[in-house]
Amino acid sequence: MFCKHCGSEIPNGSRFCGVCGAQLTEIQVQPQTPPQYQAQPQYQAQPQYQTPPQYQAQPQYQAQSQYQAQPQYTNKAAPKFSAKTIAGFVLSLVGIIVAAIPCGIIGLIFSSLGLKELRLPQYKGNGMAIAGMVISIIDVVLGIIYLAM
């Protein structure tokens, strides 16, 4: 049943519309009609096609030549720092921090030996060896000046 004022659906046997509050005087039933279906269209017979088109043959490809073997790469070890270079740099830093002339002298010796060892291709650290030598020389000079005072 539907309200004639607002059109909302109302349960059967109600006297008032629950949505708009209008008083229902008579039972208003709207019959439900089944949906109307149209007739199925009539299809024509399937048309007859001409013979399928003739395509050209696909091109024939020549055989691939044999691939060349890829070069074999060797895993060469990366160059590493020389232990003498590291020891000379560390000793020169220790010598300048605590103002110890013996550490500076030993650091200078190790840095120069490390610089000599850097001629081999498996070592790197040329800058560290030079820095160790410079810091060691500064350490020794400052130590001598300090002792002379």
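Is alanine 131 buried, exposed or partly exposed? With a relative accessible area of 27%, alanine 131 is partly exposed (buried is under 20% relative accessible area, exposed is over 50% and partly exposed lies in between, using a 1.4 Å probe and protein chains only).

**View 1. The chain in outline: three helices and two strands.** This is a predicted model, in which local features need pLDDT of at least 70 and side-chain atom pairs count only at pLDDT 80 or more, while totals for chains, interfaces and linings use all residues. Residues are numbered from 1 along each chain as its sequence is written, and side-chain values use heavy atoms, with hydrogens and water left out. Of the 149 residues of the chain, 19% count as buried. The chain exposes about 13,400 Å², of which carbon and sulfur atoms supply 59% (Shrake-Rupley method, 1.4 Å probe; for residues, only the protein chains shown count as cover). Among contacts in the chain with a separation of 6 or more, 52% come from residues 24 or more positions apart, where contact means heavy atoms within 4.5 Å.

**View 2. Helix H1 against helix H2.** Two packed helices are described by the angle between their axes and the distance between the axes. Here H1 (residues 83–98) and H2 (residues 101–117) pack at an angle of about 155°, and their axes are 7 Å apart. Axes are lines fitted to C-alpha atoms, for helices over the stretch in contact, and angles run from 0 to 180 degrees between N-to-C directions. That angle makes H1 roughly antiparallel to H2 (under 35 degrees counts as roughly parallel, over 145 as roughly antiparallel, 65 to 115 as roughly perpendicular and the rest as oblique). The crossing of H1 and H2 is left-handed, the term for a near helix turned anticlockwise from the far one by less than a right angle; clockwise would be right-handed. From H1, the residues that meet H2 include Ala83, Phe89, Leu91 and Val94, and their partners in H2 include Ile106, Phe110, Leu113 and Glu117. The contact of H1 with H2 divides into 10 nonpolar, eight polar and two charged residues. In this scheme Ala, Val, Leu, Ile, Met, Phe, Trp, Tyr, Cys and Pro count as nonpolar, Asp, Glu, Lys and Arg as charged, and the others, Gly among them, as polar.

**View 3. Threonine 85 in helix H1.** At 0% relative accessibility, threonine 85 counts as buried. Leaving aside neighbours within four places in sequence, threonine 85 is in contact with Phe110, Gly114, Leu115, Leu118, Gly125, Met128 and Ala129.

**View 4. Glutamate 117 in helix H2.** Glutamate 117 has a relative accessibility of 18% and so counts as buried. Not counting residues up to four places away in sequence, glutamate 117 touches Ser82, Ala83, Lys84 and Tyr123.

**View 5. Helix H2 against helix H3.** H2 and H3 (residues 126–148) pack at an angle of about 155°, with axes 8 Å apart. The two helices are therefore roughly antiparallel to each other, and H2 passes H3 in a left-handed crossing. Among the residues making the contact are Ile101, Ile105, Leu108 and Leu115 of H2, together with Ile130, Met133, Ile137 and Val140 of H3. By class, the contact of H2 with H3 has 12 nonpolar, eight polar and one charged residues.

View 6. Nine nonpolar, six polar and one charged residues make up the contact of H1 with H3. Now back to our opening residue: alanine 131 lies in helix H3. Alanine 131 and serine 92 are 39 residues apart in sequence and 8.9 Å apart in space, C-alpha to C-alpha.

**View 7. Lysine 4, in the segment before strand E1 (80–81).** At 59% relative accessibility, lysine 4 counts as exposed. The C-alpha atoms of lysine 4 and cysteine 17 are separated by 9.4 Å, and these residues are 13 residues apart along the chain.

Key
Helices (H or I, at least four residues) and strands (E, at least two) are DSSP runs, numbered from the N terminus.
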